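The sequence and the coordinates are shown first, and selected features are then described in turn.

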Amino acid sequence: MIEGLIGGLFNGISIGAVLLIVALGLAIVFGLMGVINLAHGELMMLGAYTTYVVQNGFKAMGESALNFYIFAALPLSFLVAALVGLALERGVIRYLYGRPLETLLATWGVSLILRQFVRSVNWAMIVGLVVLCGLFFGGRWVLQRSQRQVAGWMTAVLLTLSVAIAVAVGLLLNQNAGVAFSRPWFSARNVDVTPPTWLRGGLALGTTLQFPYARLFIIVLTIACLAGVYWFLQRSAWGLRIRAVTQNRSMSACLGIPTEQVDALTFALGSGLAGIAGCAVTLLGSVGPNLGSNYIVDAFMVVVVGGVGKLVGSIVAALVIGIVTYLVGSGTLALLFTSAEGLQPLAAFFTFFATTSMAKVMVFALIITFLQFKPAGMFPQKGRTVEA
Amino acid sequence: MSAKILDIENVTVSFDGFKALNNLNFNMDEGELRVIIGPNGAGKTTFLDVITGKVQPTEGKARFKGKDLSQRPEHEIARLGIGRKFQTPRVYLNLTPRENLELSCNRHKNVIATLFKQLSSAERRTIGGLLETIGLETKADVPAALLSHGEKQWLEIGMLVAQSPDLLLVDEPVAGLTDEETEKTGKLLMSLAESHSIVVIEHDMEFVRQIARQVTVLHQGSVLCEGTMSEVQNDPRVIEVYLGAQEEEV
Amino acid sequence: MATDTFVRPKKGRQAHQRLLVEVGLVIAIALVLILVIPAVVSGFRLGLLGRFLALAIVALGIDLIWGFTGLLSLGHGIFFALGGYALAMYLQINTLGDGELPEFFSLYGVTELPWFWQPFYSLPFTLLAVFIIPAVVAGVLGYLVFRNRIRGVYFSILTQAALVVFFNFFNGQQELINGTNGLKTDTSTFLGVEVGSSSAQFNFYILTVVFLALAYALCRWLTSGRFGRMLIAIRDDENRMRFSGYDPTGFKVLVFAVSGAIAGIAGALYTVQSGIVSPQYMDIAFSIEMVIWVAVGGRATLVGAILGAVFVNLGRSLLSESFPEIWLFFQGALFLLVVTALPDGVVGWLRYRLSDRFRRWFGRSRSVVTPPLLELDPDVGAEKREAIDKR
Ligand SMILES: Nc1ncnc2c1ncn2[C@@H]1O[C@H](COP(=O)(O)OP(=O)(O)O)[C@@H](O)[C@H]1O
Ligand SMILES: [Mg+2]
């Protein structure tokens with residue numbers, strides 16, 4: 001009985017840890033900046049693919065090196081996702097601050113593009129992209145030099161031209177430059193990342209309990225990320241600026257805080273954390289273009305239930321949701337009631353929900369019920385600004 | 001006690017320990033025009049929030065015509081006959097002034113009535129009259145977003161009147177208006193006061209002098225003193241916390 | 001932005017005339033769609049058009065709640081699929097002889113029709129269920145969310161979560177609703193005609209046009225007049241309404257339910273024309289796509305919603321026939337473009353462009369476009385508004 005309880009708790013916590021590490025970036029981007037980033041899952045997916053690439057690189061270096069790929073993969077996933085996030089913020093989101101619904105739609109567009117990107121990326125496309133960026137930014141630079149004010153239509157024409165040329169170059173290369181250019185980087189099917197040997201197997205406790213190392217690793221990683229984020233926000237100079245800007249943007253600007261840089265940094269941080277989450281989930285399953293969409297909705301639920309803008313809320317919510325999901329989904333609850341005599345209907349009820357997908361149904365019902373009592377989440381933000 | 005239209009008893013509003021209202025006692029008679037002044041952050045807006053149900057008092061009770069207001073949602077309180085103008089004008093920007101007024105003027109506020117009931121001609125006349133009163137006839141059919149700040153202020157006052165409440169709560173009606181507009185607003189409020197009970201919150205001393213009979217001074221969430229304008233102005237405590245700080249302006 | 005999308009209380013006769021013209025136009029277009037188009041396009045293309053028109057019906061529903069009321073639902077796939085499932089199940093169980101069950105039930109060892117499917121033997125019940133069930137689901141979900149004043153993006157996220165949940169439920173319940181495989185309708189018979197036959201399909205096409213016109217009329221009625229102004233007031237500043245004595249919850253629940261009902265009808269029409277209903281209709285992507293149709297066409301313009309749905313889907317079928325992989329890039333770009341460069345959609349943009357030109361001809365000044373500031377509480381959002389004003 002005790003062992004079952006500990007096992008259940010462990011599994012719940014490990015589900016919660018995955019949720020939390022995914023939700024952490026969201027909690028920052030959504031909680032601190034009020035930006036709904038539906039491409040968060042795709043940033044995760046990029047992190048996962050980065051891990052895959054890094055692992056292949058290490059494979060080339062030999063078996064002994066392979067065991068440590070993950071330590072290179074983590075920072076690199078962070079970096080890749082953060083850079084893409086940065087580009088996203090500078091290119092799109094900053095024009096949409098204060099319009100959350102529009103941001104939501106725009107980031108969904110980005111997520112579609114990213115998903116298709118990993119499916120069809122090849123060298124021809126990369127060259128095309130480089131040409132596009134070169135032409136567009138080069139052209140804009142020239143325009144800004146020569147014109148006092150760059151009119152909107154000029155940018156539009158420039159963009160159209162650059163896109164047209166880039167697409168043409170990409171297509172030409174794709175068709176004529178041989179297989180090196182036209183072969184997609186990643187296969188259309190899901191790819192697998194093999195965890196290092198020291199993360200296979202698990203820690204045995206007693207006779208029946210087994211804590212998989214991969215899960216333990218994710219729990220530790222989540223704690224490390226939390227500590228890192230906490231330290232960064234509470235103790236570093238930039239963290240202070242971030243908190244200042246979230247509380248009062250115009251006042252912060254008056255005090256000389258570069259709010260635009262702060263926005264970009266906050267967003268990059270949140271995106272980078274998505275990358276780390278992506279790296280972490282490679283330990284649990286295969287990697288595919290749709291990897292992110294499996295997690296994103298749950299992660300949003302964590303943030304909403306926890307209370308937007310509060311890290312501690314996300315932590316508690318992730319753990320609670322994780323544990324409840326496990327207890328319902330694994331049938332532990334149903335089992336509990338089967339043993340009791342008079343509770344057969346209850347047992348039948350919980351058996352009905354005892355699959356992973358049905359557990360989601362139950363958890364959602366619980367969340368909606370919960371929101372009836374605490375509409376702003378477990379740890380609501382206070383003050384006038386939340387009333388909006 | 002029953003003659004009091006508004007009766008606030010020992011109300012405290014605490015935001016995480018910060019007391020925006022602190023043991024506030026306040027009451028006013030039917031038909032009275034009361035001006036509330038007080039330095040920034042004194043809790044004036046919060047005071048209106050408590051009456052209109054936007055904020056629940058942590059302690060104490062607010063009564064309107066003897067009815068307890070706590071636990072009632074905002075729209076019920078509004079239906080009891082309390083109308084409010086916000087500090088920054090809040091009108092529906094994508095509706096025209098006429099439509100804004102219609103919306104407030106409507107007596108039947110449930111969903112079904114809104115779907116099936118047409119505007120009565122009496123209501124239409126009221127609205128026409130109101131548009132004239134607030135000087136927006138020429139702009140009656142452009143979106144309210146295109147109105148100037150002062151026009152929005154007036155439109156909101158108009159909406160308040162259209163609602164025909166028994167008690168009008170007016171938060172800083174002349175903030176951002178020119179002197180001329182201010183004076184007109186003052187006249188409008190005075191004429192409204194003939195048939196309504198009104199609470200006006202204002203900073204502009206000139207304006208307060210124009211309309212005030214009874215003045216209540218709020219400071220740090222409680223009533224500092226109450227009386228006529230000259231009494232209040234000569235009260236040393238008021239001079240210290242409020243007028244003293246702004247003497248040059250007054 | 002939406003200011004001239006509903007009729008102003010014009011002086012009696014004028015308003016009356018405009019209404020007549022509009023009714024005439026709608027009927028004329030419907031007649032063209034029913035009489036002329038089938039004569040000029042092939043059966044396959046006609047089927048495609050029929051499906052797009054069914055999607056245009058959902059787009060109307062989305063426009064009603066998003067364009068006019070400011071509620072962005074990402075979960076309309078639920079209502080769409082519910083309508084489809086209701087009709088599909090009716091078709092399945094009524095095609096069989098007495099006591100027989102659809103094939104898939106026997107695969108999972110179900111010998112008796114589950115109780116909740118029993119009423120679907122009846123045609124009147126089914127026809128009501130097609131829109132009442134989605135409306136009730138939408139109403140309940142809406143009530144639970146709106147009564148707590150959960151709004152804006154939170155509402156969007158919750159509807160999306162609800163969508164995922166319904167997807168999981170339908171996907172997981174093999175023995176009750178055939179899970180992933182969904183329900184096929186092609187070989188069933190409806191009133192004695194095989195659903196997949198070309199004559200039945202043509203009738204469904206006509207039915208779709210009729211329902212599109214009806215849905216348009218309903219939305220038009222709701223968005224004009226007093227109720228419509230109420231919707232816009234909700235979009236502009238719903239909290240302000242409370243202080244005028246209105247409770248926005250009821251209004252929001254009602255429009256959400258109506259919008260769900262419209263989506264249910266659309267789903268049923270789409271199902272019979274595409275031959276299957278499956279949990280795929282509750283794919284996250286599909287529900288967000290519905291929003292983009294409206295955005296492309298022009299939110300808060302009903303015509304825009306219809307045109308957007310038809311043309312985006314036309315573009316999709318053209319593009320994805322020849323280059324499937326480009327479609328996603330294209331769609332993504334469409335999202336970005338519409339949101340950043342064309343927030344009023346094509347119809348909205350045209351309307352201001354054209355109306356400005358007319359105004360100039362008559363020597364009037366340009367009209368000014370004012371985007372609704374949905375999420376901002378003027379009492380507190382001044383700082384955010386400044387940020388927007390700066391742009
Ligand atoms: N929702 C809230 N949360 C926290 N503090 C608040 C809230 N509303 C008001 N306050 C605080 O209460 C005090 C009184 O505010 P207010 O009533 O607006 O003052 P006034 O209108 O007199 O200038 C201010 O210090 C303000 O910051
Ligand atoms: Mg104030």
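## Model and confidence

The structure is a predicted model. For chain B the mean pLDDT is 87, and 95% of the residues of this chain reach 70 or more. One stretch of chain B, residues 246-250, has a pLDDT below 50, and beyond near neighbours in sequence it has 3 contacts in the model.

## The magnesium site in chain B

Q87(B) is partly exposed, with a relative accessible area of 31%. This residue and T45(B) coordinate the magnesium ion (ligand 2) through the atoms OE1 of Q87(B) and OG1 of T45(B), at 2.0 to 2.3 Å. The two residues are 42 apart and link distant parts of the chain: T45(B) belongs to helix 1 (residues 44-52) of chain B, whereas Q87(B) is in the loop between strand 6 (82-85) and helix 3 (97-105) of chain B. In contrast to Q87(B), which is partly exposed, T45(B) is buried, with a relative accessible area of 13%.

## The surroundings of R84(B)

R84(B) is a residue of strand 6 of chain B. Its relative accessibility is 1%, and R84(B) therefore counts as buried. Leaving aside neighbours within four places in sequence, the residues in contact with R84(B) include T45(B), L48(B), E156(B) and D171(B) from chain B, as well as R240(C) and F243(C) from chain C.

Two polar contacts of the R84(B) side chain may be described. One, of 2.7 Å, is made with the side chain of D49(B); another, of 3.1 Å, is made with the side chain of T52(B). The side chains of D49(B) and R84(B) also meet in a salt bridge, with 2.7 Å from N to O. D49(B) lies in helix 1 of chain B and R84(B) in strand 6 of chain B, so this pair ties together parts 35 residues apart in sequence. D49(B) counts as buried at 5% relative accessibility.

## Helix 3 of chain B

How many of the 9 residues of helix 3 of chain B are buried? The number is 8, so the helix is largely enclosed by the rest of the structure. Among the buried residues are P97(B), E99(B), L101(B) and C105(B). The cover over the buried residues of this helix includes helix 5 (121-133) and helix 6 (149-162) of chain B, together with helix 9 (225-243) of chain C.

## Salt bridges

Over all chains, a search of the whole structure finds 32 salt bridges. One of them joins the side chains of R34(B) and E226(B), at 3.2 Å from N to O. R34(B) is in strand 3 (residues 33-37) of chain B and E226(B) in strand 10 (residues 222-227) of chain B, so the pair ties together parts that are 192 residues apart in sequence. R34(B) counts as buried at 4% relative accessibility, whereas E226(B) counts as partly exposed at 39%.

A further salt bridge in chain B is formed by the side chains of E151(B) and K139(B), at 3.1 Å from N to O. E151(B) is in helix 6 of chain B and K139(B) in the loop between helix 5 and helix 6 of chain B, 12 residues apart. Of this pair, E151(B) is buried, with a relative accessible area of 17%, while K139(B) is partly exposed, with a relative accessible area of 30%. In chain C, a network of salt bridges links R151(C), E238(C), R242(C), D247(C) and K252(C).

## The interface of chain C and chain A

The size of an interface is often given as the accessible area lost when the parts come together. Chain C and chain A bury about 4,500 Å² between them, with 75% of this area on carbon and sulfur atoms. The contact takes 49 residues from chain C and 46 residues from chain A.

Between chain C and chain A, 4 residue pairs are in polar contact, both residues being at pLDDT 80 or more. The rule finds 1 salt bridge across the interface, and the side chains of E102(A) and R299(C) meet in a salt bridge of 3.0 Å, N to O. On the side of chain C that touches chain A, the elements giving two or more residues are helix 6 (153-172), helix 11 (284-297), helix 13 (324-341) and helix 15 (382-390) of chain C. Helix 6 of chain C gives the most, with 13 residues.

Definitions and conventions
Residues are numbered from 1 along each chain as its sequence is written. Chains are lettered from A and ligands numbered from 1 in the order in which they are written. Side-chain values use heavy atoms; hydrogens and water are left out. pLDDT is the predictor's confidence in each residue, from 0 to 100. Contact means heavy atoms within 4.5 Å. Donors are N, O and S atoms within 2.8 Å of the metal (3.2 Å for Na, K and Ca); water is not among the atoms, so sites may look incomplete. Helices (H or I, at least four residues) and strands (E, at least two) are DSSP runs, numbered from the N terminus. Buried means under 20% relative accessible area, exposed over 50%, partly exposed in between (1.4 Å probe, protein chains only). A polar contact is a pair of N or O atoms within 3.5 Å; within protein, one must be able to donate a hydrogen and the other to accept it, and residues adjacent in sequence count only if both atoms are side-chain atoms. Buried area is the accessible area (1.4 Å probe) that two parts lose on being put together, summed over both. A salt bridge is a side-chain nitrogen of Lys or Arg within 4 Å of a carboxyl oxygen of Asp or Glu.
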